Amino acid sequence: MTASAPPPPSSDRKLIRRTTVDLVLDALRQQILSGQLRPGEALRQEALAEELGVSRIPVREAIRRLEAENLVAVHAHRGAYVCGVSSSDVVETFELRLQVEPWLFGEAIKTTGRTSLPEARAALEETLHADAAAWGRANWRLHEALYAPARRDLAMTMLRQLHDRGDRYLRFQVVNLPLRQQAYAEHLALIEHAERGDAQGAMSLLRTHIRVALDQVVEVVAGLTQPSRE
């Protein structure tokens, strides 16, 4: 009997390492967003590797990805630290959204009238099951689908920047299951108002949606920036 050839070892190692990195990334992201790793706290690769039961290689790669997500800052000769958060930045970001989004949403509905929004509904369902990182991307696709019919390219470009800036803050909100469910219900109501062609109702609901998110995120951020009692 001829023995079958084993699979290429390099391919297997890459697959295992990638899966391990993803698990470490999820664990560290959750610790940052939950406040277990606080703003300004140093990320010691050796200690984290021991805590998570992995080598330092996936920890190093996870930190690199967290830096790309603006959750971690890496300084030469000093190492990696959890990025700080600022309540004033949160307030400014959401106040700018309040000035732009309701108007843009109203313009989109006035342009299209009653219409189905399959892209928005698909993005909404994605938010229900997405992790904290993917939730922000799905959330933007949902809002983009709601506003795109207005064909206001400059406003959409500015709004995309605001959503990117606020993405980290929104993650603090959606790691909490009741808040995630509340966001889902509010987004569904926005879609339904748009599909009915109810511009005034949709604009009013969107203002409330943004204000509620602002209050929730500010409360979380304020808790994270309080000095630790330990």
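The crossing of helix 6 and helix 8 is left-handed; a crossing is left-handed if the near helix is turned anticlockwise from the far one by less than a right angle, and right-handed if clockwise. The model is predicted, with local features requiring pLDDT of at least 70 and side-chain atom pairs counting only at pLDDT 80 or more, whereas totals for chains, interfaces and linings use all residues. Residues are numbered from 1 along each chain as its sequence is written, and side-chain values use heavy atoms, with hydrogens and water left out.

Helix 6 (residues 132-147) packs against helix 8 (residues 177-196) at an angle of about 15°, and their axes are 11 Å apart. Helix 6 is therefore roughly parallel to helix 8. Angles under 35 degrees count as roughly parallel, over 145 as roughly antiparallel, 65 to 115 as roughly perpendicular and the rest as oblique. The axes are lines fitted to C-alpha atoms, for helices over the stretch in contact, and the angles run from 0 to 180 degrees between N-to-C directions. Helices (H or I, at least four residues) and strands (E, at least two) are DSSP runs, numbered from the N terminus.

On the helix 6 side, Ala132, Trp135, Asn139, Leu142, His143 and Leu146 meet Arg180, Ala183, His187, Leu190, Ile191 and Ala194 of helix 8, where contact means heavy atoms within 4.5 Å. This contact of helix 6 with helix 8 has eight nonpolar, three polar and one charged residues. Ala, Val, Leu, Ile, Met, Phe, Trp, Tyr, Cys and Pro count as nonpolar, Asp, Glu, Lys and Arg as charged, and the others, Gly among them, as polar.

Helix 6 also packs against helix 7 (residues 153-174), at an angle of about 140° and with the axes 9 Å apart. Helix 6 and helix 7 are therefore oblique to each other, and their crossing is right-handed. Residues of helix 6 in this contact include Gly136, Trp140 and Glu144, and those of helix 7 include Met156, Arg160 and Asp167. By class, the contact of helix 6 with helix 7 has nine nonpolar, four polar and four charged residues.

A further pair is formed by helix 2 (residues 45-52) and helix 3 (residues 56-68), which pack at an angle of about 115° with their axes 9 Å apart. Helix 2 is thus roughly perpendicular to helix 3. Gln45, Glu46, Leu48 and Ala49 of helix 2 make the contact with Arg56, Val59, Arg60 and Ile63 of helix 3. These residues divide into four nonpolar, one polar and three charged.

Two glutamates may now be considered. Glu101 is found in helix 4 (residues 87-112) and is buried, with a relative accessible area of 0%. Buried means under 20% relative accessible area, exposed over 50%, partly exposed in between (1.4 Å probe, protein chains only). Not counting residues up to four places away in sequence, Glu101 touches His143, Tyr147, Leu159, His163, Leu206 and Ile210. Glu219, in helix 9 (residues 199-225), is exposed, with a relative accessible area of 61%. From Glu219 to Gln173 the C-alpha to C-alpha distance is 9.7 Å, and the two are 46 residues apart in sequence.

For the protein as a whole, the secondary structure comes to nine helices and three strands. Buried residues make up 43% of its 230 residues.
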